[in-house]
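Here are a few friendly notes to read alongside the model. Take them one at a time and look for each feature as you go.

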Amino acid sequence: MTQELNDNDKWLAAEFALGALDRENMQIAEQRFENDPLFRAAVDEWQNQLTPMLDEVPSVAPDPKVWDAIAASTGVASGPKKSASWGSRAFWRGLAVFSSAVALASLAALLYLPGQGLLTPQSLSPLVATLNAKGDAPTLLASFSPDNKTLMLRAVLPEMEQTKVAELWLVPADGVPRSLGLLDKAAMQFNLNNDVSRLMSEGGTLAISLEPKGGSPTGAPTGPVIASGKLRRL
Amino acid sequence: MSNPDPIAELLSRVAMRDQAAFARLFDTMSAKLFGISLRILGNKADAEDVLQEVFVKIWNKAATFQTGRASAVAWLSMIARNQAIDKLRARKLSHVDIEEQEYLADTKPSPEDNAVSTNENQRLKNCLEQLNPDHANAVKSTYLGGLSYQETADLLDIPLNTVRTWIRRSLISLQDCLRK
């Protein structure tokens, strides 16, 4: 592999970033962008340099029906948004409260199942999350007690291929996923170390991805994410 | 990271299939990306189609953002521009008459529009001002309007090779200027 692009490729990258290519060359460049890291780096550098020009372009709010179409083709829940006043902060705050009420109801069931004793009543302000897959019933209920740095899980894992395992991730405020471990039983307990415990905070996301046996080989999720949910203060 | 880019953070959650983050990303960025598509396509219905394709792409490809070097806004804008340009070129191939700028936003950029980049914007503006005005115009028509070399040549009524030379020379000057 060469360490530097030749002049033709450098111009292809620059003109791709600028948008000056005809359709045929644009498709060639798009392929290169997806498969050649060196080419992509050159394009990315140009994008970063040229993007400020877009400040000249006025923003125009799209018709709400566009979101409905996007939600329909991605399988993302669109329901509540349809009736919302567009971009209303109050609406989103309302939705957050509603979601946590749903999470609380699920967690009440998790925490106070007779004889389970998952959390002792005197534990202060645990963090909780319900992990859903595309609007289905919760795949996993999680609660984290800052007192003893213990993450309790109750999971209903889908049927998996023999060669795959489910790995649990924390995506904290910095956006970099941290592995919390592999899921293999119906009810689980993770004792988190101090570094990871510190990153467990409200607004962080827990997610489960499918990985090769033994867990992700790279330290970052490599397989599809089958469920995710946000941490909330109970 | 002490001060993470909020858009990049939303993108990494979208990569984890976080639906609320995806909805919030749409709330935050759709007007900007719709404006970009509209500028290139000049037609509301086409720009809406493109915006939909763009967000489906974002949902499916969010994980690839982290493997590159582009800023979150640059990455999102590129998807929107490329999708709009592709539609523009496809439309021209099918020989459909285009109503020039059928839909033009009559609004000026709002203060929020400028929030996307401030220092970088000023630096690029200064560098563009140092170019020959005709050359700067060719760069802007190409980048903002999604015009190919041939279309810019037609628009400015100059030969294709002249456009290519102007733009390539401008890009080299811009890069030198921005690196100073």
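**Notes on the predicted model**

1. Buried residues make up 51% of the 180 residues in chain B; buried means under 20% relative accessible area with a 1.4 Å probe, counting protein chains only. This is a predicted model, in which local features need pLDDT of at least 70, side-chain atom pairs count only at pLDDT 80 or more, and totals for chains, interfaces and linings use all residues. Residues are numbered from 1 along each chain as its sequence is written, chains are lettered from A and ligands numbered from 1 in the order in which they are written, and side-chain values use heavy atoms, without hydrogens or water.

2. Chain B has nine helices and zero strands. Helices (H or I, at least four residues) and strands (E, at least two) are DSSP runs, numbered from the N terminus.

3. Which residues have the most contacts inside the largest nonpolar core? Among them are Phe22(B), Ile58(B) and Leu76(B), in a core of 83 residues. Helix H2 (residues 19–41) of chain B gives the largest share, twelve residues. A nonpolar core is a set of buried Ala, Val, Leu, Ile, Met, Phe, Trp, Tyr and Cys residues joined through side-chain atoms within 4.5 Å.

4. Leaving aside neighbours within four places in sequence, Ile58(B) is in contact (heavy atoms within 4.5 Å) with residues including Leu11(B), Trp75(B) and Ile79(B).

5. Now turn to chain A, where helix H1 (residues 7–18) has twelve residues. Its buried residues include Leu12(A), Phe16(A) and Leu18(A). After H1(A) comes Gly19(A), with a positive phi near 90°.

Conventions. Expected span 1.5 Å × (residues − 1). Buried < 20%, exposed > 50% of the residue type's maximum accessible area, 1.4 Å probe, protein only.
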